[in-house]
Amino acid sequence: MLQAVFVTNFYTLVKVVNKEEVFKACINPKLFDDQELEWGGEAQIKVERLDFDPLDKLLAPSIELALKNLSLNHLGFEMKTIWKNTYYKGYFQEIHDHISHYHNTSHLSAVLFLEDHIPNSGQFYFHNDHQLSKTFSYVLDGSILSKDRYFLTPKEGDLIMFPSYMLHGVTPHKIKTPRHTISFNLRRSS
């Protein structure tokens, strides 16, 4: 029996509740007036900062469901930032977190996938930077404990939520059809 002692890296996946309304709002979203980003790093990606209205309201039921899965639905959270990512051929997102780049630190981050994962498209992954797992990887060879990347193969309408400190990225997009996601950060408000 595997018993987790300290669970610090985790995510929850929910199906977006009101998919048609959310996706309609994501097609031509209302952009935030200030498009300047506080981050950029080594990524090659098209990022559009979005206005909260109406996505914050439309995503609220899905956020509540994800918070319930994390046993955090009794706490208040507010959306701090929201943006649309577009990956064209050759685009990618380097390994990063959502803590170090923001003046108003976020506590939870989320990604809404607007298409099914297609082979050779940019693939979202979590990165394990825990030094002990690297040190003992030869002992743990073949175990999930020895892996430094955990890849997701999301479906259209999947929304994942995870702690903002978790390292993650997107592999290079190798196909002509663009890949789109909506990302946002939440901060505890109560």
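Predicted model: local features only at pLDDT ≥ 70, side-chain atom pairs only at ≥ 80, totals over all residues.
Residues are numbered from 1 along each chain as its sequence is written, and side-chain values use heavy atoms, with hydrogens and water left out.

**Strands around β10**

The protein chain holds 3 helices and 10 strands, these being DSSP runs (H or I, at least four residues, for helices; E, at least two, for strands) numbered from the N terminus. Strand β10 (residues 179-188) is mostly covered, with 7 of its 10 residues buried; buried means under 20% relative accessible area, exposed means over 50%, and partly exposed lies in between (1.4 Å probe, protein chains only).

**Lys-84**

Lys-84 belongs to strand β3 (residues 77-87). Lys-84 is buried yet has no salt bridge, and the nearest side chain of opposite charge, Glu-48, is 5.0 Å away; Lys and Arg count here as positive and Asp and Glu as negative, whereas His and the chain ends are not counted. The side chain of Lys-84 instead reaches the backbone oxygen of Cys-26 at 3.0 Å. Leaving aside residues up to four places away in sequence, Lys-84 touches several others, among them Leu-114, His-180 and Ile-182, where contact means heavy atoms within 4.5 Å.

**Salt bridges**

The whole structure contains 6 salt bridges, each being a side-chain nitrogen of Lys or Arg within 4 Å of a carboxyl oxygen of Asp or Glu. The table includes three of them.

| Pair | Closest N and O atoms |
|---|---|
| Lys-30 and Asp-53 | 3.8 Å |
| Arg-49 and Asp-34 | 3.9 Å |

Lys-30 and Asp-53 form a salt bridge; Lys-30 lies in the loop between α1 (19-27) and β2 (46-49) and Asp-53 in the loop between β2 and α2 (55-69), so the pair ties together parts that are 23 residues apart in sequence. Lys-30 is partly exposed at 46% relative accessibility, whereas Lys-57 is exposed at 56%. Lys-30, Asp-53, Asp-56 and Lys-57 are linked in a network of salt bridges.

How values were computed:
Polar contact = N/O pair within 3.5 Å; in protein donor to acceptor, adjacent residues only side chain to side chain.
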